[in-house]
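Reader: I would like to be guided through this structure with a few questions. May we begin once it is in view?

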Amino acid sequence: MTADLTTRYLGLELRSPVVASAGPLTGRLDTLARLEDSGVAAVVLPSLFEEELVGEALRVHESLERGANASAEASSYFPDADFAELGPERHVRLVERAKERLGVPVIASVNATAPGSWPRYARLMAEAGADAIELNLYAVPADPSRAAAKVEERYLDAVRQVRAAVSVPLAVKLSPFFTSMGHFARAAVAAGADGLVLFNRFYQPDLDLDTLQARPTVELSQSWELRLPLRWIAILRGRLPDTSLAATSGVHNGEDAVKALLVGADVVMMTSALIRNGPSHVMVVEAQLRGWLDDRGYDSVWQLRGSACQSASADPTGFERANYIRSLASVM
Ligand SMILES: Cc1cc2nc3c(=O)[nH]c(=O)nc-3n(C[C@H](O)[C@H](O)[C@H](O)COP(=O)(O)O)c2cc1C
């Protein structure tokens, strides 16, 4: 008998804990279908970003201006606006098509950092069939006049707005850059999050020495990057017992998945590993996870989940201590 891999995330019953997080492979129907064929348990579609809404507002404005009083020369700068083809509409249509094509749950993602017009799109995505919404709080708060508490309050307003707009389950995807992570995590749950996704990776721009401009760079993750979500899922599991927790960043193989489940994740999410190895890598990770459970006599993912979280640990301070001196000593 092999182990039962089923799990529950955001109230959804999943065939396994292996989920594809938002990224290029979840943005196309053909790769979505290949992910499903490889056994993925759920998919998170790429985020509708704030910039796309700003872009849409600009295009609508430009097109109205053009009709009213723009010069013939200016009008040649803008192709005819096809309202059906504007960015946000494409996201809604991808949800519809993914739902038609796939049997696994489809989670739609919206990027927001403050109250705004995105709850409308979250609602449209839910109406298009999304099984849950993931609110991606991805921003670089660079204004030195705005205190952390103010930034957080706006994040929480965004969570409340989306919560009020949809009745499907809501996950909030966090960055690790909070001074009091536990406090914000609890506040996000109080604001209406059914689940937390820990953590998004922020892409650090490089400096181009020819143009002297910041150059966007995307580097795929490595397994060691799992340690940050691992620590925080371990700490939060016992404190947020009814909240779904998803591990993202650095999940590349079955052992990574086992670690995340042991500290209390309900699901593990992958993007980099799928970009690097292709959709069929889902199958590899599932087989490795199953092999690990079977070799050690676990009956199910349920038996494993959270059994090494902080509150279950013989040394609970291990997850909190900086362990600086011991870590330094190990390289000397
Ligand atoms: C090319 C690329 C595109 C991504 N797009 C999104 C996105 O639209 N929304 C989002 O929340 N995360 C996005 N992510 C972040 C991933 O969903 C994931 O959280 C992150 O890459 C860490 O997981 P990993 O180590 O498995 O890559 C993207 C990542 C990559 C590499």
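This is a predicted model: local features need pLDDT of at least 70, side-chain atom pairs count only at pLDDT 80 or more; totals for chains, interfaces and linings use all residues.

Reader: Which residues lie nearest the centre of the second largest pocket?

Author: The lining of this pocket divides into ten nonpolar, five polar and four charged residues. In total, 19 residues line the second largest pocket. Those nearest its centre are R201, F202, Q204, W224 and E225.

Reader: How much space lies in the largest pocket?

Author: The largest pocket is the space taken by the ligand. The space in this largest pocket comes to about 690 Å³.

Reader: Which residues are closest to the centre of the largest pocket?

Author: The lining of the largest pocket is made of 34 residues. By class, they divide into 16 nonpolar, 13 polar and five charged. The closest to the centre are A22, F49, N200, R201 and Y203.

Reader: Which element gives the largest share of the lining of the largest pocket?

Author: Two or more residues of this lining come from each of β4, α2 (50–68), β12 (267–270) and α10. The largest share is three residues, and the element that gives it is α10.

Reader: Which elements give two or more residues to the shell around the ligand?

Author: The ligand takes up the space of the largest pocket. The shell around the ligand has eight nonpolar, eleven polar and two charged residues. The elements that give two or more residues to this shell are β4 (42–48) and α10 (272–277).

Reader: Which residues are closest to the ligand?

Author: The ligand is surrounded by 21 residues. Among these 21, the closest are A22, S47, S221, G250 and S272.

Reader: What is the distance from an oxygen atom of the ligand to an N or O atom in the side chain of S221?

Author: Polar contacts are pairs of N or O atoms within 3.5 Å. A polar side-chain atom of N136 lies 3.0 Å from an oxygen atom of the ligand, and a polar backbone atom of T271 is 2.8 Å from a ligand oxygen. For the side chain of S221, the distance to an oxygen atom of the ligand is 2.5 Å.

Reader: What percentage of the accessible area of the ligand does the protein cover?

Author: On its own, the ligand has 610 Å² of accessible area. The part of this area that the protein covers is 89%.

Reader: Which peptide bond is cis, with omega near -10°?

Author: The loop between β8 (195–198) and β9 (206–207) holds F199. The cis bond with omega near -10° runs from L198 to F199.

Reader: What is the phi of L10?

Author: L10 is found in the loop between β1 (7–9) and β2 (12–14). Although L10 is not a glycine, its phi is positive, at about 55°.

Conventions. Residues are numbered from 1 along each chain as its sequence is written. Side-chain values use heavy atoms; hydrogens and water are left out. A residue is near a molecule or strand if one of its heavy atoms lies within 4 Å of it. A polar contact is a pair of N or O atoms within 3.5 Å; within protein, one must be able to donate a hydrogen and the other to accept it, and residues adjacent in sequence count only if both atoms are side-chain atoms. Accessible areas come from the Shrake-Rupley method with a 1.4 Å probe; for residues, only the protein chains shown count as cover. On a 1 Å grid over the protein atoms alone, a cavity is a set of points where a 1.4 Å probe fits but cannot get out, and a pocket is an open set with protein on both sides within 12 Å along at least five of seven lines; lining residues have an atom within 4 Å of a point. A molecule sits in a cavity or pocket if more than half of its atoms lie within 2 Å of its grid points. Helices (H or I, at least four residues) and strands (E, at least two) are DSSP runs, numbered from the N terminus. Ala, Val, Leu, Ile, Met, Phe, Trp, Tyr, Cys and Pro count as nonpolar, Asp, Glu, Lys and Arg as charged, and the others, Gly among them, as polar. Grid points are joined across faces, edges and corners, and a volume is the space filled by probe spheres set on the points.
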